[in-house]
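Subject: Structure handover

Dear colleague,

Here is the structure you are taking over.

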Amino acid sequence: MKTISVTINGEAYVETVPVRMLLVDFIREKCGLTGTHVSCTYEGVCGACTVQLNGEAIKSCMMLAAQADGHRVTTVEGLANGEELTPLQKAFKAHHGLQCGFCTPGILMNMTEFLQKNPRPTDDEIRRGLVGNLCRCTGYVHIVDAVRAAANSAT
Ligand code: FES
Ligand code: FES
């Protein structure tokens, strides 16, 4: 067991966890932040578990909770400012960027960082940016529409 301190969405979580506990399980089970999903049974291929570690999008099933000790994590619950959605969240709502919504938290966390690094992406760049996030419902067309709209709304 190891005692770790991780700041998630601005709040410090100090917990004693098994050394082999994955970050995604720490976020969901110890911190109760269940907006971060698991879809591919921890194989690193679906992207549903994507969060930001120190501002960088990562797959939280590919990292141990102990490795996040002392670091800053943002989950989908930390995106909106109270009731005020981010431009990307608003664009997903306006452009029907989700159906069942299971993939959506991971896509939002990935694309939030993507747009910070590339605020004027082409559609090809958006599609390449989404390569690590699987969506079984939408066919991606509306997701690309939403990311493009969010980029345009920022100008
Ligand atoms: S649960 Fe982490 S990539 Fe699928
Ligand atoms: S909206 Fe259902 S998996 Fe993407």
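This is a predicted model: local features need pLDDT of at least 70, side-chain atom pairs count only at pLDDT 80 or more; totals for chains, interfaces and linings use all residues.

Residues are numbered from 1 along each chain as its sequence is written, chains are lettered from A and ligands numbered from 1 in the order in which they are written, and side-chain values use heavy atoms, with hydrogens and water left out.

Helix packing

Two packed helices are described by the angle between their axes and the distance between the axes. Helices (H or I, at least four residues) and strands (E, at least two) are DSSP runs, numbered from the N terminus. Axes are lines fitted to C-alpha atoms, for helices over the stretch in contact, and angles run from 0 to 180 degrees between N-to-C directions.

Helix H2 (residues 87-94) and helix H5 (residues 141-153) have axes that come within 8 Å and cross at roughly 135°. That angle makes H2 oblique to H5; angles under 35 degrees count as roughly parallel, over 145 as roughly antiparallel, 65 to 115 as roughly perpendicular and the rest as oblique. The crossing of H2 and H5 is right-handed, a crossing being left-handed if the near helix is turned anticlockwise from the far one by less than a right angle, and right-handed if clockwise. On the H2 side, Pro-87, Leu-88, Ala-91 and Phe-92 meet Ile-143, Ala-146, Val-147, Ala-149, Ala-150 and Ser-153 of H5; contact means heavy atoms within 4.5 Å. The residues of this contact are nine nonpolar, one polar and no charged. Here Ala, Val, Leu, Ile, Met, Phe, Trp, Tyr, Cys and Pro count as nonpolar, Asp, Glu, Lys and Arg as charged, and the others, Gly among them, as polar.

Helix H3 (residues 104-117) also packs on H5, at an angle of about 40° and with the axes 11 Å apart. H3 and H5 are therefore oblique to each other, and their crossing is right-handed. Ile-107, Met-111 and Leu-115 of H3 make the contact with Ile-143, Val-147, Ala-150 and Ala-151 of H5. That contact has seven nonpolar, no polar and no charged residues.

H2 and H3 pack on each other as well: their axes come within 10 Å and cross at roughly 130°. H2 and H3 are therefore oblique, and H2 passes H3 in a right-handed crossing. Leu-88, Gln-89 and Phe-92 of H2 meet Thr-104, Ile-107, Leu-108, Met-111, Thr-112 and Leu-115 of H3, which gives six nonpolar, three polar and no charged residues.

Helix H1 and the strands

In helix H1 (residues 23-30), Leu-23, Val-24, Asp-25, Phe-26 and Ile-27 are buried. Buried means under 20% relative accessible area, exposed over 50%, partly exposed in between (1.4 Å probe, protein chains only). These buried residues pack against strands E1 (2-8), E2 (11-17), E3 (50-53), E4 (56-59) and E5 (72-74). Gly-32 follows H1 and has a positive phi, near 70°.

Thr-74 lies in strand E5 and is buried at 18% relative accessible area. Apart from neighbours within four places in sequence, Thr-74 is in contact with Asn-9, Val-51, Gln-52 and Met-109.

Cysteines

How many disulfides does the structure hold? It holds zero, a disulfide being a pair of cysteine sulfur atoms within 2.5 Å. Cys-61 is buried at 6% relative accessible area, and Cys-103 is buried at 11%.

Regards
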